[in-house]
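Subject: Structure handover

Hello,

Here is the structure you will be working with. Please open it next to this email and follow along.

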Amino acid sequence: MDEGADNGFNHSQTKMSMTTKTPLSAIAKAFEELSGFLGSQTKDQKLRLDNFCEACSLVSVLFSCLGLAFKFAEMEYVAKVHDLVEASKTYATLENVLDRDVANDTVKKPGSHSRNLRRVRQGLDLIRALFEEFLSTDDYYLKDAASTAYSQVCAPYHTWAVRTAVSAGMYTLPTREELLQKLNETGRSPWTGD
């Protein structure tokens with residue numbers, strides 16, 4: 001196993017604490033902690049793959065709340081995160097995974113950890129873009145926000161058939177209120193604008 005030195009990032013920090021009330025607050029906390037670590041790391045400290053995977057695994061609930069329109073994205077995202085979780089049993093850091101794939105010339109090979117990492121990042125970008133759009137409007141339906149996010153992040157990489165299926169699925173998205181209820185964001189919250 002490729003062991004990294006203690007990097008100062010407490011593995012338990014990304015666990016959902018008892019004070020975390022909603023999926024969004026758990027996700028925000030996990031990624032704020034990763035960001036804090038990255039902002040304060042020394043030259044010898046590297047981001048642990050298991051910590052990264054733990055934060056990424058929290059995001060899958062967002063895909064599932066979006067329903068049929070994002071079912072394929074959810075399945076893809078969960079599978080790629082699972083691959084990276086398995087890789088974390090062998091490779092201590094993100095850098096270790098990338099170095100291995102570069103050395104073996106497998107960075108672009110389907111199924112490689114590096115390619116799966118890129119797909120996870122794309123999933124994170126999709127959710128980020130969706131919530132940026134979501135927060136910038138008061139639309140009752142999510143179709144426009146989701147369509148804009150999808151066209152920015154994923155559509156350039158998908159075939160016409162996939163783009164068409166996703167477009168049709170946009171009509172099955174929950175309403176803004178339904179999404180907030182699924183995410184347990186029903187009270188005063190920075191996500192609802194209340």
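Leaving aside its neighbours within four places in sequence, which residues is Phe131 in contact with? They are Leu24, Leu62, Leu179 and Leu183. Before you go on, remember that this is a predicted model.

**The core**

Phe131 belongs to the largest nonpolar core, which has 48 residues. Phe52, Phe70 and Phe131 touch the most other members of that core. At least two core residues come from each of α1 (23–40), α2 (49–65), α3 (71–87), α4 (94–103), α5 (113–135), α6 (143–153) and α8 (176–182). There is a general pattern to keep in mind here. In soluble globular proteins, nonpolar side chains tend to be buried together.

**Two packed helices**

Look at α1 and α2 next. Their axes are 9 Å apart, and the packing angle is about 155°. Angles over 145 degrees count as roughly antiparallel, so α1 and α2 are roughly antiparallel to each other. Their crossing is left-handed. On the α1 side, the contact is made by Pro23, Leu24, Ala26, Ile27, Ala30, Phe31 and Leu34. On the α2 side, the residues include Phe52, Ala55, Val59 and Leu62.

Find Thr93 in the loop between α3 and α4. Is Thr93 buried or exposed? Its relative accessibility is 6%, so Thr93 counts as buried. The Thr93 side chain makes a polar contact with the side chain of Asn96, at 2.9 Å. Beyond its neighbours within four places in sequence, Thr93 is in contact with Lys46, Leu47, Arg48 and Leu49.

Now move to Val102, in helix α4. Val102 has a relative accessible area of 59%. Exposed means over 50%, so Val102 is exposed. The C-alpha atoms of Val102 and Ser114 are 8.7 Å apart, and the two residues are twelve apart along the chain.

**Two backbone angles to check**

Most residues other than glycine have a negative phi. Two residues here are worth a look on that point. Asp105 is not a glycine, yet it has a positive phi of about 55°. Asp105 sits in the loop between α4 and α5. It is exposed, with a relative accessible area of 70%.

Asn184 is not a glycine either, and its phi is positive at about 60°. You will find Asn184 in the segment after α8. Asn184 counts as partly exposed, at 44% relative accessibility.

Best wishes

Methods. Residues numbered from 1 in each chain as written. Predicted model: local features only at pLDDT ≥ 70, side-chain atom pairs only at ≥ 80, totals over all residues. Heavy atoms only, no water. Core = buried A, V, L, I, M, F, W, Y, C linked by side-chain atoms within 4.5 Å. Buried < 20%, exposed > 50% of the residue type's maximum accessible area, 1.4 Å probe, protein only. Helix = DSSP H or I, 4+ residues; strand = E, 2+ residues; numbered from the N terminus. Contact = heavy atoms within 4.5 Å. Polar contact = N/O pair within 3.5 Å; in protein donor to acceptor, adjacent residues only side chain to side chain. Axes fitted to C-alpha atoms, helices over the stretch in contact; angles between N-to-C directions. Parallel < 35°, antiparallel > 145°, perpendicular 65-115°, else oblique. Left-handed = near helix turned anticlockwise from the far one by under 90°.
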